[in-house]
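Trainee: I would like to learn how to read a structure of this kind step by step. Could you take me through it?

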Amino acid sequence: MTQIFGNFADLTVQMVIMWIIGGVMIYLAIKKEMEPTLLLPMGFGCILCNMPNSGMVHTLQILFQAGVDNELFPLLLFIGIGAMIDFGPLLADPKLLLFGAAAQFGIFFTLSMASLFGFELRDAASIAIIGAADGPTSIFVAQTLKSNYTAAIIVAAYSYMALVPIVQPFCIRLVTTKEERAIRMEYTPGKITKTTRILFPIVVSAIASLVAPDSAALVGFLMFGNLLRECGVLRSLSECAQNTLANLISLLLGLTVAVRMQADSFLVPQTLMILGLGLIAFMFDTFGGVFFGKFINLFAKKKINPMIGAAGISAFPMSSRVIAKMARDEDPYNFILMQAAGANVAGQVASVIAGGLVLAMIGPLV
Amino acid sequence: MLINVNAFIASLRYMVEGWLGIFVVMGIIIACIYGLNRFSDKLEEKAGKKES
């Protein structure tokens, strides 16, 4: 009997709280379909890792060292993401890349805010990258900078990505008028040749590697995935990357990250602060994009709908769909999906490069 | 909660440098895309002429 029930004596209230958190994650994944590929395995792993003397911790620790400690899983996931993305709308209107840049403002603003609230520079930078709205980038930067709050950062990053349909409309309505949201935009796509589509991932990888060498792996894997998609001769590899590889890595990543969600390191006041700062990052990304759109309108002959700036937040493709829906809500005949999608994929590129720049700036100091 | 004003002021440098840095990189990529589009258009033009 002692062997069967002896373990109960090691049970703590904090562990039970972590079970509840794990349960909530599973509930949100299944019932609300919020990032289920990640939240479900994370929730399950969270519960099992918070059992007294759990053998799960040891097993997941091995996986963590094999795939997250060395940043392998997020990089492999990027091949899948790259293979999923169609850069067509961006190549048709390259200026949209500027919206991707503008909507990274939240990252750098949050870096300063996290510093103000007493976080070490490495943690402040890792928290700020939640604003990249890109899970793998958050994991990569947090791990490279050896942040003490990796798990909280990952939970915040994926939670807010799932909350884009709530956070972004609220922020956009705060800073735009009904007239601005109803601005119609003509879509005149330029001709994109296959050569451009093939050379684009190679050129972007080369530029990113030259400008921010730390982003070479991030951008390189993303663009390699895209090259698989665009080359036209590796259809089966492209499909494998989009489906099998991305699913397998997501599955392992969620479960593995849960090992960092143990009560003693997760239930600290800093976790709540990280959730708050993550929200600030998402909000100021959105503000940055929208205000950049308004700034362009000061000079542009053809007005643009400033909402497409908010789509530069990455979070592909959810953000562009949200923006397109908001435009249709104001005017049922206002179709800005393609422009928003262009800004959205621009955000994907910009967020990865932002991650590289943060590593280039902060990495040598920590 | 520990408020660290000095760290905040020091970090403003990263805010400005980082955000502007992305604009610079994006500017370079935009220039490259326009260059790529022109280059590939010319390639196709040449290929078209050869065929005809």
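Mentor: We shall go from confidence to the chains, then to a helix pair, a single residue and the contact between the chains.

Trainee: What are the ipTM and pTM scores of the model, and what is the mean pLDDT of chain B?

Mentor: This is a predicted model, and it scores ipTM 0.88 and pTM 0.86. For chain B the mean pLDDT is 86, with 96% of its residues at 70 or more.

Trainee: How many helices and strands does chain A have, and what is its radius of gyration?

Mentor: Chain A has 21 helices and zero strands. Its radius of gyration is 21 Å, close to the 21 Å that the globule rule gives for 366 residues, so chain A is as compact as a globular protein of that length. Along its principal axes the C-alpha trace of chain A spans about 80 × 45 × 40 Å, and 57% of the 366 residues in chain A are buried. Among the contacts in chain A with a separation of 6 or more, 76% join residues 24 or more positions apart.

Trainee: What does the radius of gyration of chain B come to, beside that of a compact globule of 52 residues?

Mentor: A compact globule of 52 residues would have a radius of gyration near 10 Å, whereas chain B has 23 Å. The C-alpha trace of chain B spans about 75 × 15 × 5 Å along its principal axes, its secondary structure comes to one helix and zero strands, and 25% of its 52 residues count as buried.

Trainee: How should I describe two packed helices, and at what angle do H8(A) and H9(A) cross?

Mentor: Two packed helices are described by the angle between their axes and the distance between the axes. The axes of H8(A) and H9(A), the latter covering residues 121-128, come within 8 Å and cross at roughly 145°, and the crossing is right-handed. Among the residues that make the contact are Ile107(A), Phe108(A), Thr110(A) and Leu111(A) of H8(A), together with Leu121(A), Ala124(A) and Ile127(A) of H9(A). By class, this contact has nine nonpolar, two polar and one charged residues.

Trainee: Is Thr110(A) buried or exposed, and which residues does it touch beyond those up to four places away in sequence?

Mentor: Thr110(A), which is found in helix H8 of chain A, has 27 C-beta neighbours inside 10 Å and therefore counts as buried, the cut-off being 20 or more. Beyond residues up to four places away in sequence, Thr110(A) touches Ile127(A), Ala128(A), Gly131(A), Leu277(A), Ile280(A), Ala281(A) and Phe284(A).

Trainee: Finally, how many residues does the contact take from chain A and from chain B, and which element gives the largest share of the side of chain A?

Mentor: The contact takes 34 residues from chain A and 31 residues from chain B. On the side of chain A, the elements that give two or more residues are H7(A), H8(A), H14(A) and H21(A), and the largest share, eight residues, comes from H14(A). The residues on this side of chain A divide into 24 nonpolar, nine polar and one charged.

How values were computed. Residues numbered from 1 in each chain as written. Chains lettered and ligands numbered in written order. Predicted model: local features only at pLDDT ≥ 70, side-chain atom pairs only at ≥ 80, totals over all residues. Contact = placed C-beta atoms within 7 Å. Helix = DSSP H or I, 4+ residues; strand = E, 2+ residues; numbered from the N terminus. Nonpolar A, V, L, I, M, F, W, Y, C, P; charged D, E, K, R; others polar. Axes fitted to C-alpha atoms, helices over the stretch in contact; angles between N-to-C directions. Left-handed = near helix turned anticlockwise from the far one by under 90°. Rg over C-alpha atoms; globule rule 2.2 N^0.38 Å. Buried ≥ 20, exposed ≤ 12 C-beta atoms within 10 Å, placed from the backbone. pLDDT = per-residue confidence, 0-100.
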